[in-house]
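Keep the sequence and the structure open while you read.

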Amino acid sequence: MTQSWRIILIGVMLVVLSACTNDGDVTEGIEGNSEGDETATEGDITLAFPTDIVSMDAHGSNDTPSEQLRNTLYEGLVTQDENLEITPVLATEWEQIDDVTWEFTLREDVTFHDGSTFNAEVVEANLDRLQDAAVASPRNFVLNMIEEVNVVDDYTVELITEYPFAPLLNNLTHGAGKMMSKELIDSDYQNALDEAGIDMTLDEYKEAREDGGQEYEDASENISEYVGTLIEQGPIGTNYMKFDSRSPGESTRIVANEEYWDGPPSLSSATYKAVSETGSRIAEIETGASNFIQRVESSNIDRIENNPDVTLTRTDALAIDFIGFNTEKAPFDDVRVRQAVTLAFDNQAVFEGVFNNSGTPAVAALAPNTLGYDENLEPLGYDMDRAKTLLTEAGYEDGFDMTLMVNEDNPERLNMSIWLQESLEELSINVNIRQIEWGTYLEMTGNGEHDMFVMGWSNSTADPEELLTTLFHSDMVGAQGNRSFFKNDDFDQLLDEGRREFDTDAREQIYMDAQELLVEEAPAIFVRHSEYLNAYHNSIDNLEIGWDDLYDMRNVEVE
């Protein structure tokens with residue numbers, strides 16, 4: 001695979017998103033958020049995405065479409081550059097004091113979109129909220145090892161972890177570590193307390209949360225349905241773009257932050273719109289109706305490359321496309337059945353026939369260039385005779401019926417599902433394919449309502465801990481990420497050891513062992529490490545696409 005982690009495009013784009021309502025159902029930005037429209041330099045772009053965002057809350061849904069928008073609104077303490085090196089953002093420097101203590105010096109010239117100041121109390125407020133039971137953040141796992149946040153002074157904050165945690169800096173680059181306005185957080189909590197009819201001030205709620213106990217449990221449960229309401233209506237961060245308006249299901253508009261601490265962007269506004277059909281998105285870019293489209297899909301590579309007005313971008317991803325089993329449900333609670341279905345799936349044929357050789361065939365979850373990737377790891381392979389033998393041993397020689405869920409806006413995943421469906425006919429396994437809207441799909445698979453499911457997952461911290469823990473640790477079953485509901489004590493122990501190990505060579509061996517166990521236990525069919533295929537109209541310039549498929553539009557220019 002090539003290591004083109006960041007592609008500076010001669011084109012522009014911003015992430016798109018929306019859901020499903022009418023034109024009149026528009027959420028206006030918080031007062032003052034759209035003022036930048038009049039003073040920003042010229043440049044308005046439209047980006048078409050295959051699916052809507054699920055949440056604009058930094059602690060909300062842990063999905064890529066949402067993060068592609070949030071990444072333009074919020075910033076974290078640190079980030080990773082094109083070489084996957086940790087670099088400063090809202091923190092200017094940091095020091096590891098001991099195995100569990102880290103101290104961060106914060107940038108002093110940063111204000112939020114609402115004019116409030118970024119400081120150590122903001123960091124404390126965000127990390128406290130992330131772990132609040134009332135928020136029930138599906139992203140809490142990313143930083144839940146932090147047990148203390150100490151405000152040393154206005155611009156110095158100390159983080160203490162419950163145990164030694166080697167990839168802390170990597171995890172802080174995750175969207176869960178991005179900062180929202182403390183004033184907005186406090187207003188949102190107060191609104192939730194008021195809506196729930198709880199006779200408690202915000203300070204009293206925070207004190208109860210600090211103490212724990214029944215009072216906090218009762219209050220957090222009562223306000224949980226209201227927490228996040230104001231944030232979804234008007235998200236406020238520190239980044240170079242700020243929220244303007246949203247028509248769920250149709251479009252979301254963001255505008256330039258003229259007061260951005262690192263200088264205002266060249267772009268004046270960007271509109272993200274949801275266009276679910278691939279053909280429609282391609283038509284958008286060909287006609288110039290959109291400046292950028294996400295997910296071209298491999299079958300359209302030639303069409304895009306033959307258009308002189310459009311440029312295709314290809315970025316190798318630290319990601320995995322897979323077909324997961326619900327290992328809590330019969331018959332997939334039997335490893336022999338999981339192995340049999342895996343053996344009946346011709347991975348190489350699917351890689352060529354569905355994905356047109358785009359990306360890299362996968363053996364296990366970790367992609368090349370990730371710590372713990374083992375090029376010598378052997379897959380179960382494609383072996384129909386062995387599959388039939390295993391099914392007979394498991395008592396399913398006559399096959400069975402099952403349901404495979406796939407999100408409705410991804411033709412490649414549907415084609416892969418059909419391929420599996422036809423392959424399993426030889427084993428008398430009847431596969432019912434259900435195509436489901438993205439948000440509903442996440443909810444249903446998070447609740448375990450599936451037999452099998454198709455998913456892709458990006459390693460957003462570039463560390464094996466995040467991807468392997470999210471997808472397969474028993475602590476993460478359900479909506480947090482482990483939709484395979486896979487529970488294996490040996491696997492959990494390996495991951496628990498890996499996160500605490502600071503020696504790189506030792507960590508690498510731990511994750512190689514973990515991958516070998518995944519192949520044997522087969523909680524999923526690992527299909528390929530994907531390639532991000534996007535396209536932009538040549539009327540835009542200087543868009544940067546990162547290794548994580550997040551976009552930097554600060555220097556985008558429009559002809």
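In this predicted model, strand β17 (residues 400-407) and strand β19 (residues 452-458) run parallel and are joined by 2 bridges. M405 stands opposite F453 in β19. Both strands belong to an open sheet of 6 strands.

**The six-stranded sheet**

- The strand order is β16-β20-β15-β19-β17-β18, and the pairing is mixed.
- Which strands stand at the edges? They are β16 (360-361) and β18 (429-436).
- Each of these two has a single partner strand, so one side of each is left without a neighbour in the sheet.
- Helix α14 (residues 411-424) packs on this sheet. The helix touches β15 (319-325), β17, β18, β19 and β20 (524-529).
- The direction of α14 makes about 165° with that of β18.

- Strand β7 (residues 101-106) pairs with strand β9 (residues 156-161) in the antiparallel sense, over 5 bridges.
- Within that pairing, W102 has L159 of β9 as its bridge partner.

**Helix pair α11 and α13**

- Helix α11 (residues 335-343) packs with helix α13 (residues 384-394) at an angle of about 160°. Their axes are 8 Å apart.
- The two helices are therefore roughly antiparallel to each other, an angle over 145 degrees being the cut-off.
- Their crossing is left-handed.
- From α11, the contact takes in R336, V337, Q339, A340 and L343. From α13 come M384, R386, A387, L390, L391, E393 and A394.
- By class, the contact of α11 with α13 has 8 nonpolar, 1 polar and 3 charged residues.

**Helix pair α17 and α18**

- The axes of helix α17 (residues 489-500) and helix α18 (residues 504-521) come within 9 Å. They cross at roughly 160°.
- That angle makes α17 roughly antiparallel to α18.
- The crossing of α17 and α18 is left-handed.
- On the α17 side, the contact uses D490, F491, L494, L495, E497, G498 and R499. These meet R507, I510, Y511, D513, A514, L517 and L518 in α18.
- How do the residues of the contact of α17 with α18 divide, and what are the counts? There are 8 nonpolar, 1 polar and 5 charged.

**Aromatic pairs**

- The count comes to 20 aromatic pairs, with ring centres within 6.5 Å as the cut-off.
- One of them joins F472 and F486. Their ring centres are 6.3 Å apart and their planes stand at 85°, so the pair is edge-to-face.
- F472 lies in helix α16 (residues 464-472), and F486 lies in the loop between α16 and α17. The pair therefore ties together parts that are 14 residues apart in sequence.

How values were computed
Residues numbered from 1 in each chain as written. Predicted model: local features only at pLDDT ≥ 70, side-chain atom pairs only at ≥ 80, totals over all residues. Heavy atoms only, no water. Axes fitted to C-alpha atoms, helices over the stretch in contact; angles between N-to-C directions. Helix = DSSP H or I, 4+ residues; strand = E, 2+ residues; numbered from the N terminus. Parallel < 35°, antiparallel > 145°, perpendicular 65-115°, else oblique. Left-handed = near helix turned anticlockwise from the far one by under 90°. Contact = heavy atoms within 4.5 Å. Nonpolar A, V, L, I, M, F, W, Y, C, P; charged D, E, K, R; others polar. Pairing = 2+ DSSP bridges. Phe/Tyr/Trp six-rings, centres within 6.5 Å; stacked < 30°, edge-to-face > 60°.
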